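Here's a quick briefing to read alongside the model. Have the sequence and the 3D view open while you go through it.

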Amino acid sequence: MTSISPETQSVPTDDLGSLVVQSWRGTTPDGNDVPYLLACSLGDGANGPEGTAKAVEQLLLSAGLPLGEGLVDAAQRPSLPVSLLVVPGSAVLTVQHLKSQFVPPETWLETVGELGFAYLIFATRPWPEGAEPGDAEALAAFTSDEAAMASAAHVVLPARSLRG
């Protein structure tokens, strides 16, 4: 579920289309487990996939996220308008005024709990037409596409939780 606050938007929300957030746990070449997030549009914005890609690019740049220019450590940039809230059984990704709630796998939640962060890839390229979000093969192909990753924002995002 994605929601947008009623505050003034710098990006027309009709152009963003539907946002999908996918979470998985992967292993780095050195054997470390990492909780990943992929956020991207389905390309169904008012101006089609091309307009959607431009709107996502505008959203990310206005949030201070460089595209394809390396990794941003959000812990070092506390004013960055990007956050991850993790609660038992679900999580919420926020980029500026755009919020997306999702239900990650338990293994992802456990890894985030252990490490205290997730690696966010926010792609400007829309999810492939005809591919189902959540399909492991489509996800692997998308995240292996050098052009898609070069035009994405990459963020190490601290995981916040509610405190009682």
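Which elements do the buried residues of helix 4 pack against? They pack against strand 2, strand 3 and helix 5 (146-150). Keep in mind that this is a predicted model, where local features need pLDDT of at least 70, side-chain atom pairs count only at pLDDT 80 or more, and totals for chains, interfaces and linings use all residues. Residues are numbered from 1 along each chain as its sequence is written, and side-chain values use heavy atoms, with hydrogens and water left out.

**Helix 4**

- Helix 4 covers residues 136-144, and its buried residues are Ala138, Leu139 and Phe142. Looking down the helix axis, these buried residues fall within an arc of 100 degrees, so they line one face of helix 4. That arc is taken from the directions from the helix axis to the C-beta atoms.
- "Buried" here means under 20% relative accessible area, "exposed" means over 50%, and "partly exposed" is in between (1.4 Å probe, protein chains only).
- Turned away from the buried side of helix 4 is a face with the exposed residues Ala136, Glu137 and Ser144.
- At the start of helix 4, a side-chain oxygen of Asp135 comes to within 3.1 Å of the backbone nitrogen of Glu137.
- Helices (H or I, at least four residues) and strands (E, at least two) are DSSP runs, numbered from the N terminus.

**Strand 2 and its partner**

- Strand 2 (residues 19-27) is mostly covered, with seven of its nine residues buried.
- Strand 2 pairs with strand 3 (residues 33-41) in the antiparallel sense, over nine bridges; strands pair if DSSP finds at least two bridges between them.
- Across from Val21 you'll find Ala39 in strand 3.
- The hairpin of strand 2 and strand 3 has five residues between the strands, and Gly31 there takes a positive phi near 90 degrees.

- Ser23 sits in strand 2 and is buried, at 15% relative accessible area. Leaving out residues up to four places away in sequence, Ser23 touches Tyr36, Leu37, Phe102, Pro104, Pro105 and Trp108. A contact means heavy atoms within 4.5 Å.
- Val20 is in strand 2 too, and is buried with a relative accessible area of 13%. Not counting residues up to four places away in sequence, Val20 touches Leu38, Ala39, Cys40, Leu42 and Pro133.
- The C-alpha atoms of Val20 and Ser100 are separated by 8.0 Å, though the two residues are 80 residues apart along the chain.

**Aromatic pairs**

- The structure holds four aromatic pairs. Rings of Phe, Tyr and Trp (its six-membered ring) pair if their centres lie within 6.5 Å; planes under 30 degrees apart count as stacked, over 60 as edge-to-face and the rest as tilted.
- Trp24 and Tyr36 are both buried.
- Phe102 and Trp108 have ring centres 5.9 Å apart and planes at 70 degrees, so the pair is edge-to-face. Phe102 is buried at 7% relative accessible area, and Trp108 counts as buried at 0%.
- Trp24, Tyr36 and Tyr119 form one aromatic cluster.

**Salt bridges**

- Three salt bridges turn up in a search of the whole structure, each being a side-chain nitrogen of Lys or Arg within 4 Å of a carboxyl oxygen of Asp or Glu.
- Arg25 and Asp33 meet at 3.9 Å, N to O. Arg25 is partly exposed at 39% relative accessible area, and Asp33 is partly exposed at 34%.
- Lys54 and Glu50 meet at 3.7 Å, N to O. They are four residues apart in helix 2 (residues 48-62), which means about one helical turn separates them. Lys54 counts as exposed at 54% relative accessibility, and Glu50 is exposed at 57%.
- Arg125 and Asp145 meet at 3.0 Å, N to O. Arg125 lies in the loop between strand 8 (117-122) and helix 4, and Asp145 in the loop between helix 4 and helix 5, so the pair ties together parts that are 20 residues apart in sequence.

Note on methods: Polar contact = N/O pair within 3.5 Å; in protein donor to acceptor, adjacent residues only side chain to side chain.
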